[in-house]
Amino acid sequence: MESSAVNIGTTGLLLGYALLIIPIAFILYFRVRLLKDLTISLLRLTVQLLLVGFYLQFVFDLNSWWLNILWLMVMLTAADISLISSSGVRLKKFFGPVFVSLLIGTGIPLIYLLWVIVRLPNILDARYFIPIAGMIMGNSLRADIIGLRSFYHSIRVNEKSYHFALGQGATLSEAVRPHLKESLVASWAPTIATMATIGIVSLPGMMTGIILGGTDPMTAIKYQIAIMIAIFSGTALAVVLGILLTMSTSFTSMGTLDHRIFKSN
């Protein structure tokens, strides 16, 4: 097999943008109000990835352990802010607990994967550490958004039954358990469904990228199995910790939900 993927030139990339004629035509024809959002998202996608590409090339060449950890902290901070903003709760109350949940949910499976499974001599090697951390964190982020939003929204909508459970003598942990179970199902189900269809319905990005890089398919498959297990384990950790750690500031001493955690109040 060839040792690296075929490079995409500037002309080829511009031709790639031309493919957007199809969705833009649909947007204009059906008068869907998404053209502005699409334009902004596309510009952000292009600028952000180009900047990250230049930066990662620098990081990979330098391969400094402290710079790699610093970049992980930047990723975690950006993910934390994005998660809280998308969950409809206040940044000030949730920033710390959510940051810790993402750090643990990313860090434990990342270190285990690189140290125990891949057995890297240097687990902080930038070419492994940063991309795999990003994959685990990205999936944990999406699940955490669903989990946090589902958990607090469920209690808010069903507050009467929640208060009834408290009135019947249930502790806080007992009263929130049905809502916690519901949020875990909602947040974990997409990852479980993805695992069930990989290889038949879709070929995931990591596996495709490794194959394009010249690695044989069986090695790519083993990497993909390992990363999917790490992603789900990290997702499980991040969601559970994200909910449990934020509960300390989200309920009053009587066990009722503090509505000041929501942005709308």
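## Leu35

Leu35 counts as partly exposed because its relative accessibility is 34% (buried is under 20%, exposed over 50%, partly exposed in between, with a 1.4 Å probe and protein chains only). Leu35 sits in helix α3. Its contacts, leaving aside neighbours within four places in sequence, are Ile24, Ile27 and Leu28 (contact means heavy atoms within 4.5 Å). The C-alpha atoms of Leu35 and Pro23 are 9.5 Å apart, and the two residues are 12 residues apart along the chain.

## About the model

This is a predicted model, where local features need pLDDT of at least 70, side-chain atom pairs count only at pLDDT 80 or more, and totals for chains, interfaces and linings use all residues. Residues are numbered from 1 along each chain as its sequence is written, and side-chain values use heavy atoms, leaving out hydrogens and water.

## Helices α3 and α4

Helix α3 covers residues 35-62 and helix α4 residues 65-87 (helices are DSSP runs of H or I, at least four residues, numbered from the N terminus). They pack at about 145 degrees, with axes 9 Å apart (axes are lines fitted to C-alpha atoms over the stretch in contact; angles run from 0 to 180 degrees between N-to-C directions). On the α3 side, Tyr55, Leu56, Phe58, Val59 and Leu62 make the contact; on the α4 side, Leu67, Asn68 and Trp71 do.

## The nonpolar core

The largest nonpolar core has 53 residues (a set of buried Ala, Val, Leu, Ile, Met, Phe, Trp, Tyr and Cys residues joined through side-chain atoms within 4.5 Å). Helix α6 gives the largest share, 14 residues. Ile130 is among the residues with the most contacts inside this core. Not counting residues up to four places away in sequence, Ile130 touches Leu56, Val59, Asn68, Trp71 and Met75.

Methods
Helices (H or I, at least four residues) and strands (E, at least two) are DSSP runs, numbered from the N terminus.
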